[in-house]
Amino acid sequence: MTAPTTTAVRKGGRWIEQWDPEDESFWREKGERIATRNLVFSILSEHIGFSIWSLWSVMVLFMGPEYGVDAAGKFFLVAMGTLVGGVLRVPYTFAVARFGGRNWTVISAGLLLVPAVVAAVVMEPGTSYTTFMVVAALTGVGGGNFASSMTNINSFYPLRKKGWALGLNAGGGNIGVPVIQLIGLLVIGTAGAAQPRLVLAVYIPLIVVAMVLSALFMDNLAPVRNDSGAAREAARDAHTWIMSLLYIGTFGSFIGYSFAFGLVLQNQFDRTPLQAASLTFIGPLLGSLIRPVGGRLADTHGGARITLWNFAAMAVATLVVVYASAQKSLPVFLLGFIALFVLSGLGNGSTFKMIPGIFQAKAVARGLTGAAAASYGRRLSGAAMGLIGAVGALGGLGINLAFRESFASAHSGTPAFVSFLAFYALCSAVTWAVYLRGDRPATAPAAGPDTHDPRSERQPAYADV
């Protein structure tokens, strides 16, 4: 029988001492209510984090000729935040176990004040490009929030609910991208392109609200501990890096396209800042809203199957974009590009659902059962998520750098889209070869149910992860 959940005050915060979401009676009686409460406020903080991370995708729309920054320089500004955010995802993953999920959510939300306040100070013509680059780099703290938030929520939910819960958490966070773009559109449309500080005037108080609500209503899970062994084991596991590749294709596409969409419209189709801002939010919004659907479909049909078909569809959508780019057809381009956003969001949900499923399958292959298998799966998947999320975010950097080079050399985004098409074909092939091809039946393990004998390890079945 599961020990009752108790909450104790220690280390300056609310701590839950026992937590067993796989126990259905515990989950029904109290676990689901507590997990849902933490999920709601996790989404709020992560949402604002994504908005701050994507701040410069909006700020560049305010940067007219008087700022002295060309198109290539703007793409590099946008890419800088992506780079720092991706790198920070690794330490943010382990901060949850070090400080507690609730405590770190408060701290990480507070860190968002730094890039927001500094941007409000420097955002004016005459500021050096180097200064803009430094301030853009500071927004990376918003990208780190995703890793800690997902690691935290992964610990609260049972395996059977992870796809939906992680999809909601990530999707609610991802919506921060189109929301700040809508706010930027509102400011440009009402106050004009000379008032970028009004965007920061909205977000600075929101950050403070998120900090207070997280402190009041979230919890720390005492069973979650820093485990450097888990990090090393996850880093040595080939599946961590295979899933990183796939996550570059899904999340890397989502965040890269989200940051670059407005600049692509301005440079390829000569849209004004207001015209670009009126369109840029649509794709990220739809991609964010559909992410939980990708998780739910993965819960039902298997993440690998959904991911495979999703990459195939992304390749088709990219072909549409390449055609529209060559023909200079804005309506067809928007159709294909928005389809890419929707599919990247769907794939975000299905790929992230695969991670805990893969490590659960490996636990079963080791001969583990019950609580031991669940503990192994949570331990390894939590560590792997930080690494996978970091590499996936760096895919967004790659997309922005590809666009920068494409426009600098060909004055068009077409060469970049052709390279993305080849990458989606590679991701499709890897998904099929590793997780769907020749799924072999397992043989009975020689070791006991809660011990591991390397000689007993069998081939895990991944088709339903």
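Predicted model: local features only at pLDDT ≥ 70, side-chain atom pairs only at ≥ 80, totals over all residues.

Modeller: Let's start with Val-58, which sits in helix H2 (residues 55–59). Helices here are DSSP runs of H or I with at least four residues, strands are runs of E with at least two, and both are numbered from the N terminus. Residues are numbered from 1 along each chain as its sequence is written, and side-chain values use heavy atoms, with hydrogens and water left out.

So is Val-58 buried or exposed? It's buried, with a relative accessible area of 1%. "Buried" means under 20% relative accessible area, "exposed" means over 50%, and "partly exposed" is in between (1.4 Å probe, protein chains only). What does Val-58 touch? Not counting residues up to four places away in sequence, its contacts are Ile-180, Gln-181 and Gly-184; contact means heavy atoms within 4.5 Å. Now compare sequence with space: Val-58 and Glu-29 are 29 residues apart along the chain, and their C-alpha atoms are 45 Å apart.

Leaving aside neighbours within four places in sequence, Thr-280 is in contact with Gln-181, Phe-261, Gly-262 and Leu-265. Thr-280 belongs to helix H13 (residues 273–280) and is buried, at 2% relative accessible area.

Look next at the loop between helix H12 (238–269) and H13, where you'll find Asp-270. Its phi is near 55 degrees, a positive value in a residue other than glycine. That's worth a second look because most residues other than glycine have a negative phi. Asp-270 counts as exposed, at 63% relative accessibility. Lys-328 also has a positive phi, about 55 degrees, although it isn't a glycine. You'll find Lys-328 in the loop between helix H15 (303–327) and H16, and it is exposed, with a relative accessible area of 67%.

Now for the charged pairs. How many salt bridges does the structure hold? Six, where a salt bridge is a side-chain nitrogen of Lys or Arg within 4 Å of a carboxyl oxygen of Asp or Glu. In one of them, Asp-219 meets Arg-37 at 2.8 Å, N to O. Asp-219 is in the loop between H10 and strand S3 (220–221), while Arg-37 is in helix H1 (residues 24–53), so this pair ties together parts that are 182 residues apart in sequence. Asp-219 counts as buried at 2% relative accessibility, and Arg-37 as partly exposed at 24%.

Another salt bridge joins the side chains of Arg-197 and Glu-124 (3.1 Å, N to O). Arg-197 lies in helix H10 and Glu-124 in the loop between helix H5 (113–122) and helix H6 (129–138), so the two tie together parts 73 residues apart in sequence. Arg-197 is partly exposed at 36% relative accessibility, and Glu-124 is partly exposed at 38%.

Then there's Arg-366 with Glu-233, at 3.5 Å, N to O. Salt bridges that share partners also join Arg-14, Arg-37 and Asp-219 into one network.

Back to H10 (residues 197–217), which also holds Val-212. Val-212 counts as partly exposed, at 45% relative accessibility.

Let's finish with rings. What describes a pair of aromatic rings? The distance of the centres and the angle of the planes. Rings of Phe, Tyr and Trp (its six-membered ring) pair if their centres lie within 6.5 Å; planes under 30 degrees apart count as stacked, over 60 as edge-to-face and the rest as tilted. By this rule the count is 36 aromatic pairs. Take Phe-417 and Phe-420: the ring centres are 5.9 Å apart and the planes are at 85 degrees, so the pair is edge-to-face. These two are three residues apart in helix H18 (residues 414–436), which puts about one helical turn between them. Both Phe-417 and Phe-420 are buried.
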